Amino acid sequence: MRVVVAGGGLVGLTLARLLRAHDPAPQVIERMAAGQYVKRGFMLGQQGHDALAELGLLDAVRSAGRPIGARPDGSAAAIAVEVGRVLALLAEGLTVHHEHSVTGLREADGRIVGVEVEGPEGTRTVDCDLVVACDGFRSRVRSMAGLRADVAPLAEGKIEWMSPMPVEASFGMEYLSDGGHIGLISWPEGSFGWRTTDRVGREACLAPGIDALKESWSRLLPATAAGVAGLTSMDDVFYSEPALLTCPEWWRPGVVLVGDAAHFFGPETGASAGIGMADAHALARAIATHPDDPDEACRAYEAWRGPAVRPYEAGDPSRMRLEGASIPPAAPDERWPPAA
Ligand SMILES: Cc1cc2nc3c(=O)[nH]c(=O)nc-3n(C[C@H](O)[C@H](O)[C@H](O)COP(=O)(O)OP(=O)(O)OC[C@H]3O[C@@H](n4cnc5c(N)ncnc54)[C@H](O)[C@@H]3O)c2cc1C
């Protein structure tokens, strides 16, 4: 089975590493340059730890980060780690076609049989038996394949900051009076805070400025005080309007969705990456079990992952807030942006 991995983020690299013994080796196509990635505060949930253990990388990720919580066997429930460290560990020894994008799918007799790849040298076609869409939330491969994506915008906005100052706790989170939340993650080289906000757009959300932000965070979640104190500019503060993603079908002949291309959870789950890495783990096993039959491999992948992933989608606190009863208004001293 010739496999093309579209996207060399956490999930695509995990899959490619797990398939390193597969013949022929999968082709990994990544649009960003080598070493480039989206910096983010990051906790890697236990859902992804088995894949890392199989790759022999779990101890290295643990030593690069800090433990969060504990499972019954005493191991960490999650690891707070700078995401670039995990990406670098996964990429070791892999050939990735950086600065190349999957821009088209080739179809014959109702199945996807190849991809078009655009790079500095122009456009080329790669024939394959299975395209794995690891190209994230806005997956172009998913839409080119015509697989449905149900996107549910959340009622709230989100503000985040990244600071070079670590704080004592590796994790903290509190719910706010309106059902929103405020939290922190801290790894050895820095810290990250997030909170839900009124959905007012970037300009209005960032307008109160850095001093107001420091005051509010230190008061509502005192464990973040040293982290926000390390912020020097609003350039390290980001506003977004999150949405949830669920896809009723994860594959059609010749193409399969994994990771953020298949599902995206609300901010307080902290599980999207781990679940995506576990998708890659299951798909790698399915391909190893059905090396000559991509459809059977996709069927096995869906049968294994459905019972693991669908309950996370149904029980996502953000989805429950979206679909649930009316939410009380935020307490005035908790609101962001603060009332004028
Ligand atoms: C601010 C922020 C904080 C987060 N915090 C957490 C957290 O604490 N815990 C957690 O579990 N998750 C967290 N997540 C989510 C987590 O980062 C993702 O779940 C995880 O990175 C998913 O990996 P992925 O490989 O599926 O997708 P992505 O990381 O989005 O990778 C997709 C890759 O595909 C490439 N690509 C896209 N289109 C193409 C194309 N056409 N051709 C070739 N390449 C392409 C992109 O360049 C990218 O490298 C956070 C996300 C954000 C944005």
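What radius of gyration would a compact globule with 340 residues have, and what value does the protein have? A compact globule of that length would have a radius of gyration near 20 Å, and the protein has 21 Å, which agrees.

**Figure 1. Overall view of the predicted model.** The secondary structure of this predicted protein model comes to 11 helices and 20 strands, and along its principal axes the C-alpha trace spans about 60 × 45 × 40 Å. Of the 340 residues, 45% count as buried. Among contacts between residues at least 6 apart in sequence, 69% join residues at least 24 apart.

**Figure 2. Domain 1 and domain 2 where they touch.** The protein is divided into domain 1, made of residues 3–150 together with 244–318, and domain 2, residues 157–241. The centres of the two domains, taken over C-alpha atoms, are separated by 29 Å, and 13 residues of domain 1 are in contact with 15 residues of domain 2. On the side of domain 1 that touches domain 2, strand E4 (residues 66–68) gives the most, with three residues. The residues of that side of domain 1 divide into seven nonpolar, two polar and four charged.

**Figure 3. The shell of residues around the ligand.** There are 31 residues around the ligand, of which Gly7, Gly9, Gly136, Gly259 and Ser272 come nearest. The elements that give two or more residues to this shell are helix H1 (10–18), strand E2 (27–30), strand E3 (43–45), strand E7 (101–108) and helix H9 (272–289). The largest share, four residues, comes from H9. Sorted by class, the shell has 11 nonpolar, 13 polar and seven charged residues.

**Figure 4. The largest nonpolar core and the surroundings of Val258.** In soluble globular proteins, nonpolar side chains tend to be buried together. The largest nonpolar core here has 89 residues, among which Leu15, Val131, Val132, Val256 and Val258 touch the most other members. H9 supplies the largest share of this core, 10 residues, and the core draws at least three residues from each of domain 1 and domain 2. Not counting residues up to four places away in sequence, Val258 touches Val11, Leu15, Val132, Ala133, Cys134, Gly276, Asp279, Ala280 and Leu283.

**Figure 5. Helix H1 and the elements packed against its buried residues.** H1 is mostly covered, since nine of its nine residues are buried; Leu10, Val11, Gly12, Leu13, Thr14, Leu15, Ala16, Arg17 and Leu18 are the residues concerned. These buried residues pack against strand E1 (3–6), E2, helix H2 (49–54), helix H4 (83–91), strand E10 (130–133) and H9.

**Figure 6. Val167 and Trp194, two buried residues.** Val167 is placed in the loop between strand E12 (157–163) and strand E13 (171–175), and it counts as buried because 24 C-beta neighbours lie inside 10 Å, where 20 or more are required. Leaving aside neighbours within four places in sequence, Val167 is in contact with Leu184, Ser186, Ser191, Ala223, Thr224, Ala226 and Gly227. The C-alpha atoms of Val167 and Ile182, which are 15 residues apart along the chain, are separated by 15 Å. Trp194 is found in strand E15 (residues 190–197) and counts as buried with 23 C-beta neighbours inside 10 Å. With neighbours within four places in sequence again left aside, Trp194 is in contact with Lys158, Glu160, Gly183 and Pro267. Trp194 and Val151 are 43 residues apart in sequence and 22 Å apart in space, C-alpha to C-alpha.

**Figure 7. Cis peptide bonds and positive phi values in the backbone.** Most residues other than glycine have a negative phi, and most peptide bonds are trans. A cis peptide bond joins Asp23 and Pro24, with omega about 0 degrees, and Pro24 lies in the loop between H1 and E2. Another cis peptide bond, with omega about -5 degrees, joins Trp336 and Pro337; Pro337 lies in the segment after helix H11 (317–323). Glu99, in the loop between strand E6 (96–98) and E7, has a positive phi near 55 degrees and is partly exposed, with 15 other C-beta atoms within 10 Å. Asp109, in the loop between E7 and strand E8 (111–119), has a positive phi near 50 degrees and counts as exposed, because 6 C-beta neighbours lie inside 10 Å and a residue with 12 or fewer is exposed.

Note on methods. Residues numbered from 1 in each chain as written. Predicted model: local features only at pLDDT ≥ 70, side-chain atom pairs only at ≥ 80, totals over all residues. Rg over C-alpha atoms; globule rule 2.2 N^0.38 Å. Contact = placed C-beta atoms within 7 Å. Near = placed C-beta within 6 Å. Nonpolar A, V, L, I, M, F, W, Y, C, P; charged D, E, K, R; others polar. Core = buried A, V, L, I, M, F, W, Y, C linked by C-beta atoms within 7 Å. Domains from an automatic or database assignment.
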